[in-house]
Amino acid sequence: MDLESVRDSLIRQEDTIVFSLIERAKFPINSWAYSPPQNGVDAFSASSFLHSFVRESEALHAKAGRYENPEENPFFPDDLPPSMVPTHDYKQVLHPAGSSINVNKTIWDIYLNKLLPLFAAEGDDGNYGLTAACDLACLQAISRRIHYGKFVAEVKFKESPEEYGPAIHDQDRAGLMKMLTFERVEEMVKRRVEKKTMVFGQEVSLSNDSKSKETYKVDPSVVSRLYEEWVMPLTKQVQVEYLLRRLD
């Protein structure tokens with residue numbers, strides 16, 4: 001694993017996120033799937049249809065060995081049954097002290113309370129099962145992308161241990177965050193995911209009318225905002241937390 005292979009993986013994961021959002025946008029909010037909780041109740045710990053759907057789905061996926069893969073991070077790790085499939089010998093890439101970092105509770109809250117209202121239309125069509133399945137796909141794709149920051153941090157550390165070592169020894173969060181921030185790259189990522197959303201989600205017409213207004217299944221600016229405000233900041237947060245434990 002090197003920076004080039006990590007970049008390739010992150011770029012492919014952009015496709016998965018964009019397509020999952022497009023699939024979810026086929027359905028309205030369908031707010032029954034998320035009730036309860038009521039105002040003031042923790043949406044992650046309170047029982048709801050989506051909560052149960054994700055928990056039960058992850059239990060099934062665990063039996064199929066999904067979470068044996070270090071790239072996968074469950075939302076409900078305490079409820080998982082053992083795998084029923086033969087154990088695969090995954091290469092040990094991550095440092096053990098940082099491999100358990102999990103920010104899925106934050107991702108859950110952002111997805112339901114901030115992102116979903118930006119691209120799902122108001123209304124209720126009763127398709128709660130399909131809605132929850134699409135939500136799960138979105139949550140898993142976003143979670144995988146953000147937690148991939150652990151692999152990014154490991155590769156960066158191995159390539160330049162002398163650069164990161166002093167800040168790790170000093171437990172300098174701000175210094176590490178500064179070292180991991182590349183505004184030019186982040187701007188390029190924002191533009192790329194916005195362009196992908198335009199290409200993947202455009203409404204195709206056979207009309208030759210050049211004046212017809214372009215419409216998209218998901219507003220491209222929403223996906224750009226997703227990366228700017230949540231995906232990239234949380235990925236860097238994961239990287240910092242990993243690096244702080246890298247020399248443990």
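Start with the second largest cavity, which has a volume of about 50 Å³. A cavity here is a set of points on a 1 Å grid over the protein atoms alone where a 1.4 Å probe fits but cannot get out, and lining residues have an atom within 4 Å of a point. Volume is the space filled by probe spheres set on the points, with points joined across faces, edges and corners. This is a predicted model, where local features need pLDDT of at least 70 and side-chain atom pairs pLDDT 80 or more, while totals for chains, interfaces and linings use all residues. Residues are numbered from 1 along each chain as its sequence is written, and side-chain values use heavy atoms, without hydrogens and water.

So who lines that second largest cavity? Glu58, Arg66, Tyr67 and Glu71 are among them, and H4 gives the most, with 3 residues. (Helices are DSSP runs of H or I, at least four residues, numbered from the N terminus.) By class, this lining has 2 nonpolar, 3 polar and 5 charged residues; Ala, Val, Leu, Ile, Met, Phe, Trp, Tyr, Cys and Pro count as nonpolar, Asp, Glu, Lys and Arg as charged, and the others, Gly among them, as polar.

The largest cavity, at about 60 Å³, is lined by 10 nonpolar residues, with no polar and no charged ones.

Now for the open space: the largest pocket holds about 610 Å³. A pocket is an open set with protein on both sides within 12 Å along at least five of seven lines. H1 gives the most to its lining, with 6 residues.

Definitions and conventions:
Helices (H or I, at least four residues) and strands (E, at least two) are DSSP runs, numbered from the N terminus.
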